[in-house]
Amino acid sequence: MGTVKPYSTKTKGRLYEVWYTKPDGTRGHDRGFKLKRDAEAHLATVEVSKLKGAYIDRADARATVAQLGEQWMERHRSKITASSYHSVESAWRIHVLP
């Protein structure tokens, strides 16, 4: 479970933040909700995604295409033929990576 807490700023007045426990046990929070019901809806979404096993931490979501592509190429190298790999690797190097 998580909590919704109000906080104040000089320019925007009263806003709400959401505190929750991530699947790895650490605490996470999101802030800047104008309405309490929006903060509660966000908290519900986070809790449902944790239950479904679909929760993605924002820090993990910051992977670049270059990092993901290189990992993908290595995993699929043995699964496709050499000529197919050459075509995919060439397209990756010329069109995607730059």
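**Exercise 1: Placing Thr26**

Thr26 sits in the loop that lies between E2 and strand E3 (27-33). This is a predicted model, so take your time looking around this spot.

Task: Is Thr26 buried, exposed or partly exposed, and which residues is Thr26 in contact with once neighbours within four places in sequence are left aside?

Solution: 
- Step 1. The relative accessible area of Thr26 is 37%.
- Step 2. Buried means under 20% and exposed means over 50%. Thr26, at 37%, is therefore partly exposed.
- Step 3. Leaving aside neighbours within four places in sequence, Thr26 has contacts with Tyr20 and Thr21.
- Step 4. For a sense of distance, look across to Arg75: 49 residues separate Thr26 from Arg75 in sequence, and their C-alpha atoms are 30 Å apart in space.

**Exercise 2: Placing Glu47**

Task: Find the helix in which Glu47 lies, then decide whether Glu47 counts as buried or exposed.

Solution: 
- Step 1. Helix H1 covers residues 36-52, and Glu47 belongs to this helix.
- Step 2. The relative accessibility of Glu47 is 17%. The cut-off for buried is under 20%, so Glu47 counts as buried.
- Step 3. Now look at what Glu47 touches: with residues up to four places away in sequence not counted, these are Met1, Gly2 and Tyr20.

**Exercise 3: Pairing two strands**

Task: In which direction do E1 and E2 run relative to each other, and how many bridges join them?

Solution: 
- Step 1. Locate strand E1 at residues 3-9 and strand E2 at residues 13-21.

**Exercise 4: The whole chain**

Task: What pattern do the helices and strands follow along the sequence, and why is the protein chain described as more spread out than a compact globule?

Solution: 
- Step 1. Count the elements: the protein chain has 3 helices and 3 strands.
- Step 2. In sequence order, the pattern reads β-β-β-α-α-α.
- Step 3. For 98 residues the globule rule gives 13 Å, but the radius of gyration is 21 Å, well over that value, so the chain is more spread out than a compact globule.
- Step 4. Along the principal axes, the C-alpha atoms fill a box of roughly 60 × 30 × 20 Å.
- Step 5. To finish, note that 22% of the 98 residues are buried.

Definitions and conventions:
Residues numbered from 1 in each chain as written. Predicted model: local features only at pLDDT ≥ 70, side-chain atom pairs only at ≥ 80, totals over all residues. Heavy atoms only, no water. Helix = DSSP H or I, 4+ residues; strand = E, 2+ residues; numbered from the N terminus. Rg over C-alpha atoms; globule rule 2.2 N^0.38 Å. Buried < 20%, exposed > 50% of the residue type's maximum accessible area, 1.4 Å probe, protein only. Pairing = 2+ DSSP bridges. Contact = heavy atoms within 4.5 Å.
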